[in-house]
Amino acid sequence: MNKFFLNLGKQPLANNYLKSFKQNQIRYNLRLFFNTRNKMVSISKRIPSEKMFTNNYPYRSSMSKTMRNSFYKLSLELKKKFIFKKILEIGSNDGALITNFKKNEVIGVEPCKNLAQITSKKGYLTYNKYWNYELAKKLKKKHGEIDLIYSANTLTHISNLNDVFKSINYLLSDKGVLIIEDPSLLECIKKNSYDQFYNEHIYLFSALAVKNLLSNHKLEIFDIKNLSTHGGSLRYYIKKKKNKNLKNKISVKKQINKEKKFGIHKYKTYKIFSQNVKKSKDSLLKMLRNIKKNGNKVIGYGATAKAVTVVNYCNINKNLISNFIDTTPEKINKYIPGKNIKILKYKNNILKKYDYAFLGAWNFKKEILNKEKKIFKKGLKFLTHIPKPKIIYY
Ligand code: DWN
């Protein structure tokens, strides 16, 4: 049974950056639910994939050093640990992972044309398609069974998870391994990062919910790693149940016990989360209003999908955050969805004009604070709402 626990209000589509601000932009109700039976947390409104993952999708995985490093490290691990002829990546984005391999070792699947073109042009075989059973059949016919399938920050974006895993199961060899990674629900609740919820994040996974889901497909998690990326993610190593060659590691039990100890399987946990989110909104608004009252100027650092949830839920307008800056070409000179706040091109000197920088990309706090060390030292202050709204002084 799906039980409602939080309303994040009327939200625009997160990655729909427009050239001019439109008050009457399409909005949907962002409402969150907990399934008491399978323990899955999801949003209720499902936007058709074609409306979200367009031919001009603005998010590129390679835009941060942190993510480039994380994918490089993973590529070394995969080469060392697993035997495979080819790796298939579902949601290969701009190739942050696959470009670490030889061209004949990888196959990308990427529904956004502009991103698929980036890797195709570099000579990496990329199917500009959505992941589904039809594609799995086509791939099996062409390439045979696959020994290693990888997918990061993608499966939580697909509404029909049963079709996702049925298709993977069909293509994966019996001795094959599936690796998926996505933000951890436990970390999200602990850090009060309600901005992990927006139209693209249909689900937020816990290991417990993934375990339940996989059991319907005769798949099981045999190892789990905690990652620091995207505010705390989990990397799940998955195999077919009948494959007894790979031993189940203690990490799986440990993670599930940790989640249960926290109460990830209890509705009450989500009601408390909901109260904390409301408190966070009040406190962030109070902080921004005080800053404004004292005549100071705030810029948003990183026009993330997450920031779209924050500014729309908290009703933050350009009087509180004058602009955002971002390095992504597709976002520059456009507006934060739902708000009259323009995104400016990141330039070295741009922060000099501001007193505070609100971390839209709080998940890259370490990278950003390090990059901006000079101006931070000179007096720029950072603001974050994670885990609680606060000012970060040098
Ligand atoms: O799942 C998803 C995640 C992985 O990526 C997608 N649905 C959409 C997207 O979400 P996001 O926009 O919240 O992701 P990020 O990775 O937090 O976005 C970082 C943004 O900040 C990018 O637009 C790049 C920008 N940035 C910057 O301008 N300067 C980032 C860094 C580190 C910087 O120094």
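Modeller: Let's start with Met-67, which counts as buried at 2% relative accessibility. Keep in mind that this is a predicted model.

Biologist: Why is Met-67 called buried?

Modeller: Buried means under 20% relative accessible area. Met-67 has 2%, so it counts as buried. This residue is found in helix α2.

Biologist: What does Met-67 touch, apart from residues up to four places away in sequence?

Modeller: With those neighbours left out, Met-67 touches Ser-61, Thr-229, His-230 and Phe-364. There's also a distance for Met-67 and Thr-327: they are 260 residues apart along the chain, and their C-alpha atoms are separated by 14 Å.

Biologist: How do you know whether Ser-70 is buried or exposed?

Modeller: The same cut-off works here: under 20% is buried. Ser-70 has 15% relative accessibility, so it counts as buried. Ser-70 sits in helix α2, residues 65-81. Leaving aside neighbours within four places in sequence, Ser-70 is in contact with Thr-229 and Arg-235.

Biologist: What makes His-230 stand out in its phi?

Modeller: Most residues other than glycine have a negative phi. His-230 is not a glycine, yet its phi is positive, about 50°. You'll find His-230 in the loop between β10 and β11. His-230 has a relative accessible area of 12%, so it is buried.

Biologist: And why is Asn-333 called partly exposed?

Modeller: Buried is under 20%, exposed is over 50%, and partly exposed is in between. Asn-333 has 45%, so it is partly exposed. Asn-333 also has a positive phi, about 65°, although it is not a glycine. Its place is in the loop between β13 (323-326) and β14 (342-345).

Biologist: What kind of peptide bond joins Ile-386 and Pro-387?

Modeller: A cis one, with omega about -5°. For background, most peptide bonds are trans. Pro-387 is in the loop between β16 (381-384) and β17 (390-392).

**Helices side by side**

Biologist: At what angle do α4 and α5 pack?

Modeller: Helix α4 (residues 133-143) and helix α5 (residues 161-171) pack at about 10°, with their axes 9 Å apart. Angles under 35 degrees count as roughly parallel, so that makes α4 roughly parallel to α5.

Biologist: Which residues meet there, in α4 and in α5?

Modeller: From α4 come Tyr-133, Ala-136, Lys-137, Leu-139 and Lys-140, and they meet Asp-163, Lys-166, Ser-167, Tyr-170 and Leu-171 of α5. By class, this contact of α4 with α5 has 5 nonpolar, 1 polar and 4 charged residues.

Biologist: What about α7 and α8: at what angle do they pack?

Modeller: About 120°, with the axes of α7 and α8 8 Å apart. An angle from 65 to 115 degrees would be roughly perpendicular, and over 145 would be roughly antiparallel.

Biologist: Which residues of α7 and α8 meet?

Modeller: Ala-207, Leu-208 and Lys-211 in α7 meet Gln-255, Ile-256, Glu-259 and Lys-260 in α8. The residues of that contact divide into 3 nonpolar, 1 polar and 3 charged.

Biologist: Which residues of helix α7 are buried?

Modeller: In α7 (residues 207-215), they are Ala-207, Leu-208, Ala-209, Val-210, Leu-213 and Leu-214. What covers them includes α5, β10 (219-227), β11 (233-240) and α8 (250-262).

Biologist: What volume does the second largest pocket have?

Modeller: About 790 Å³. Of the 27 residues that line this pocket, the closest to its centre are Thr-66, Ser-228, Thr-229, Asn-363 and Lys-366. Helix α2 gives the most to the lining, with 7 residues. The lining residues divide into 6 nonpolar, 11 polar and 10 charged.

Biologist: How many cavities of 30 Å³ or more does the structure hold?

Modeller: It holds 1. About 30 Å³ of space lies in the largest cavity. Its lining includes Asn-16, Phe-21, Tyr-335 and Lys-339. By class, that lining has 5 nonpolar, 4 polar and 2 charged residues.

Biologist: What makes that space a cavity and not a pocket?

Modeller: In a cavity a 1.4 Å probe fits but cannot get out, whereas a pocket is open.

Note on methods
Residues are numbered from 1 along each chain as its sequence is written. This is a predicted model: local features need pLDDT of at least 70, side-chain atom pairs count only at pLDDT 80 or more; totals for chains, interfaces and linings use all residues. Side-chain values use heavy atoms; hydrogens and water are left out. On a 1 Å grid over the protein atoms alone, a cavity is a set of points where a 1.4 Å probe fits but cannot get out, and a pocket is an open set with protein on both sides within 12 Å along at least five of seven lines; lining residues have an atom within 4 Å of a point. Grid points are joined across faces, edges and corners, and a volume is the space filled by probe spheres set on the points. Ala, Val, Leu, Ile, Met, Phe, Trp, Tyr, Cys and Pro count as nonpolar, Asp, Glu, Lys and Arg as charged, and the others, Gly among them, as polar. Axes are lines fitted to C-alpha atoms, for helices over the stretch in contact, and angles run from 0 to 180 degrees between N-to-C directions. Helices (H or I, at least four residues) and strands (E, at least two) are DSSP runs, numbered from the N terminus. Contact means heavy atoms within 4.5 Å. Buried means under 20% relative accessible area, exposed over 50%, partly exposed in between (1.4 Å probe, protein chains only).
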